[in-house]
Amino acid sequence: MLIVVDRRPGGGMLLTDERGTTEVLAAELAAAVAAREHEAGEPPRWVWSDTAALYPELLAAGVRVERCHDLRLVDTILAGVDGRPPEPALARIVEFVRPAMPRPQADALFDLEDDDSSRRRSPARTQPPAVSAPVPASSIARAQRDELARDRGPGAPTPRDLALLAAAESAGALTAIEMQRTGLPWSATTHEALLTDLLGPRPDSPGARPARLAALGAEVERLLGASPGTVPLDSPPELVKALRRAGLEVSSARSWELSRIDHPAIEPLLRYKKLSRLLTANGWNWLDTHVHDGRFRPSYVPGAVVTGRWGSAGGGALQLPKLIRGAVQADPGWVLVVADAAQLEPRILAALSNDAAMARAGAGEDLYAGIVASGAVESREHAKLGMLGAMYGGTTGQSARVLPRLQRAFPDAIRFVEEAARAGERGERVRTRLGRTSPAPSEAWRERQLIAVSDAASAAQREEARSDARSWGRFTRNFVVQGSAAEWALSWMAGVRRRLWSPLGGPLASQPHLVLFLHDELIVHAPRERALEVEEVMRAAAADAGRLLFPGSAVSFPVTVATVDRYSDTK
DNA sequence: ATTCAGCGCGCC
DNA sequence: AGGGCGCGCTGAAT
């Protein structure tokens, strides 16, 4: 059963199914949906232009959606597959369904809440648009269904794979909204204790340096022989000048470069930079801005990255420093079930390339240990560096040195990424396992390649084109692995969500629910007595994802699962 | 006064 | 001369 959803010009929604279109006021939504589900005997699949614009309102009305199809996200994928621009009519619908949504900004995360305070701050947001949708979503849905089902010929993405991708992407969109609504359990008390411990008490005036930071700054200046307050520690370009004046030969203020310098001021300077980073990125200001009522509510942005990875906005949810993960704390009587996919990307590569030797190396819980056991390299560290280098296109250092050995041991895997790189260097597009397709290089890129092969090209032009080509090759090389890993992770998350789904409904936060998705890692917040069940769900869903993406493959995708009170308590 | 690019660093 | 991001800060540009 499909229900196509549009926003109703006067408020509420328009629901279109095989019986025609019904107007439903916001207050009636929950009842209308319940009636349809009861009639159909199965959960409907909601088809709409934009999950991010419509689902928050439904959740607020008490409607939980089990399955949906997000026309905007799927259109983006199909546009990539077929190398066409995004559907303009869809852009207009999206504009229609999210007319009052403000530009992303610091407090954007409150806009999706339904509490009174947000209404007070901006009553205009809840006003319905005065115009009707330029195109009903149902007409776009029909066209997209046909496009999804089209036979694209040998070697092209199949309808089966694209349908899987569309479902996974859409499930992700639902989860993103649900996770934002429930939020990540966050102990401001623990966070503050940590800040005070590392930085000193919170300064009274906003701009002031906390005590520990000020002391470190003074020590750096003393050791550089500079007068107090004369070394601009917070301005990289100015800091470089100051260091050079003090006789230190540095070309940038990067930590890794500074760490190579032998000078007594370097050690406190590096500590200063580390703590300063904590203060500015995740200090008291961050806490004030992003944590309320014991929850951190970032917005997640499915499909934000070309590879299919999510992005986030509002607080850097995907860059939570390990240093402050202790503040992620389960509610009393609840636990965090933390799961991460072990060595996901190399396992994805093994499956993509059908590399039997690498599949064998990954038979256990630790693929890198398996690579060492195979005799290919000396140590786990070498195995890891080498594989990362192979997937990112590293050409220097330790990773380049072990690459030949990996190539001998795992020829199929290495050939696979090399071919992706060569395709990129030729300006071709590459695809993930389920068909997400890399963008074509820019016109300027092509132009430079063409010029480079002409007789008139200068040596500099040839070199620049070569460098450009290599760079794009590194992108396509990584795209196939990162993008396929993102598909596995989306499938995993969708499986966890489906298995945790309760047909009884009720408030999302009264039963086990996903609270964090971090590329290859999931956290479920669960009542303590259901922890074992959730752990099993995490494992089972991971196995499902492997079978779904790589039917018949020998490659396994183990997940490490830990039930903890605090995020930092995992390994 | 506001906008923007570059830097640097956090995460995967 | 290593892929993908978001964010805060700085200093220059507008």
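The model is predicted, so local features require pLDDT of at least 70 and side-chain atom pairs count only at pLDDT 80 or more, while totals for chains, interfaces and linings use all residues. Residues are numbered from 1 along each chain as its sequence is written, chains are lettered from A and ligands numbered from 1 in the order in which they are written, and side-chain values use heavy atoms, with hydrogens and water left out.

Chain A comprises domain 1 (1-182), domain 2 (188-289) and domain 3 (345-483), with bounds taken from an automatic or database domain assignment. A separation of 37 Å lies between the C-alpha centres of domain 2 and domain 3.

Around DNA strand C there are 23 residues, of which S235, G314, Q319, T395 and R474 come nearest; a residue is near a molecule or strand if one of its heavy atoms lies within 4 Å of it. Of the atoms of DNA strand C that come within 4 Å of the protein, 75% belong to sugar and phosphate. By class, this surface has 13 polar, five nonpolar and five charged residues, where Ala, Val, Leu, Ile, Met, Phe, Trp, Tyr, Cys and Pro count as nonpolar, Asp, Glu, Lys and Arg as charged, and the others, Gly among them, as polar.

At least two residues of the surface near DNA strand C are supplied by each of α12 (266-282), β10 (311-313), α17 (380-392) and α21 (459-500), and α21 gives the most, with four residues. Helices (H or I, at least four residues) and strands (E, at least two) are DSSP runs, numbered from the N terminus.

Polar contacts are pairs of N or O atoms within 3.5 Å; within protein, one must be able to donate a hydrogen and the other to accept it, and residues adjacent in sequence count only if both atoms are side-chain atoms. For the side chain of Q319, an N or O atom is 3.1 Å from a sugar or linking oxygen of DNA strand C.

Eight of the residues near DNA strand B are charged, six nonpolar and four polar, and α12 provides the largest share, three residues. A polar side-chain atom of R309 lies 2.7 Å from a base oxygen of DNA strand B, whereas D520 places a polar side-chain atom 2.6 Å from a sugar or linking oxygen.
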